[in-house]
Amino acid sequence: MRTGIKQSNCIRCGTCCKKGGPSFHLEDKRLIEKGIILSKYIYTIREGEPVFDNVQGRFQIATTDIIKIKGKKDSWTCIFFDEDSNNCKIYKNRPIECRALKCWDTEELERIYSKNRLTRKDLLSKMKGLWDLVEDHQARCSYKKIKGFVKELDTDKRNKAIEGILDIIQYDIHLRPLLAEKAGVNPDMIDFLFGRPLTETIKMYDLQVKHKGDRYYLKPFSEDRFDPIL
Ligand code: SF4
């Protein structure tokens, strides 16, 4: 029913929190540093990664790291949203984007959302060994490299490009459990340290990774693009 009354305050419907957790900004750094929001609840969209921009309503390339609060299993709903009470479990310490978001007037959010984004470097660069690993992974597995190979898939350099993509993906696959096993890193922190697994994000390029035993191969979703190399 239309009442003609314009909304001017939060009615706690929970719609914003169900559309995904917020991205972090420098102003939120203390929330992670002080352990108010634990690293196991966050993940990184890495620089160069294609990402859907909710404010612009279209895919864009991330120009810096974007660190976000994870969603609940198999949904976009923010992990801190309590669906029974429609409340935020960290309301007093919610990140700046949640404070700025007013669904009836998005001006404040639009002003801040792409500025001062918090990056992994801001949080990890003083942890020497760990930061070296993160930088090394970023260099070896950059989206810039992947994009370069993807462009070559429809040329006569296809086989080399497939090899290049698989090298990158296999490095990513093997590094993740290794860090948990050998260095005791909580497996739930890995998507923060190294971004989302490439086996998942490669789908944005219309590709999927399959394996037969220890052997990985690349398969396009569009069957006529190229034959998978087995
Ligand atoms: S942190 Fe709180 S307010 Fe922000 S999206 Fe999550 S549940 Fe909602």
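**A chat about helices and salt bridges**

Visitor: Hi! Which residues of H6 are buried?
Guide: The buried residues of H6 are Trp131, Val134, His137 and Gln138. They span an arc of only 125° around the axis, which places them on the same side of H6. That arc is taken over the directions from the helix axis to the C-beta atoms. "Buried" means under 20% relative accessible area, "exposed" means over 50%, and "partly exposed" lies in between (1.4 Å probe, protein chains only).

Visitor: What kind of model is this, and how are residues numbered?
Guide: This is a predicted model, in which local features need pLDDT of at least 70 and side-chain atom pairs count only at pLDDT 80 or more, while totals for chains, interfaces and linings use all residues. Residues are numbered from 1 along each chain as its sequence is written, and side-chain values use heavy atoms, with hydrogens and water left out.

Visitor: OK, back to H6. How many residues does H6 have?
Guide: H6 has 13 residues and reaches 18 Å from its first C-alpha to its last, close to the expected 18 Å. The expected span is 1.5 Å times one less than the number of residues. Helices (H or I, at least four residues) and strands (E, at least two) are DSSP runs, numbered from the N terminus.

Visitor: And what do the buried residues of H6 pack against?
Guide: They pack against helix H5 (120–124), H8 and H9. Contact here means heavy atoms within 4.5 Å.

Visitor: Which salt bridge does Lys128 make?
Guide: Lys128 meets Asp132, at 3.1 Å from N to O. A salt bridge is a side-chain nitrogen of Lys or Arg within 4 Å of a carboxyl oxygen of Asp or Glu. Because Lys128 and Asp132 are 4 residues apart in helix H6, about one helical turn separates them. Lys128 counts as exposed, at 58% relative accessibility, and Asp132 as partly exposed, at 34%.

Visitor: Why would residues four places apart point the same way?
Guide: An α-helix has 3.6 residues a turn, so residues three or four places apart point the same way.

Visitor: Nice. What about Asp136, which partner does it have?
Guide: Asp136 forms a salt bridge with Arg140, and their closest N and O atoms are 3.4 Å apart. They too are 4 residues apart in helix H6, so about one helical turn lies between them. Asp136 is partly exposed at 32%, and Arg140 is partly exposed at 42%.

Visitor: How many salt bridges does the count come to?
Guide: By this rule, it comes to 11 salt bridges. One of the pairs is Glu33 with Lys29, at 3.5 Å between the closest N and O atoms. Both lie in helix H2 (residues 29–33).

Visitor: Switching to H8. How far does H8 reach?
Guide: H8 (residues 158–183) has 26 residues and reaches 37 Å from first C-alpha to last, close to the expected 38 Å. Its buried residues include Asp172 and Arg176. Asp172, Arg176 and Asp191 are linked in a network of salt bridges. Just after H8, Gly184 takes a positive phi of about 70°.

Visitor: Last one: which residues form a nonpolar patch on the surface?
Guide: Phe52, Phe59 and Met204 do, with about 310 Å² of accessible area together. Accessible areas come from the Shrake-Rupley method with a 1.4 Å probe, and for residues only the protein chains shown count as cover. Patches use residues with over 30% relative accessible area and no salt bridge, joining like charges within 9 Å and nonpolar side chains (Val, Leu, Ile, Met, Phe, Trp, Tyr) within 5 Å. Phe59 lies in strand S3 (residues 58–61) and counts as exposed at 56% relative accessibility.
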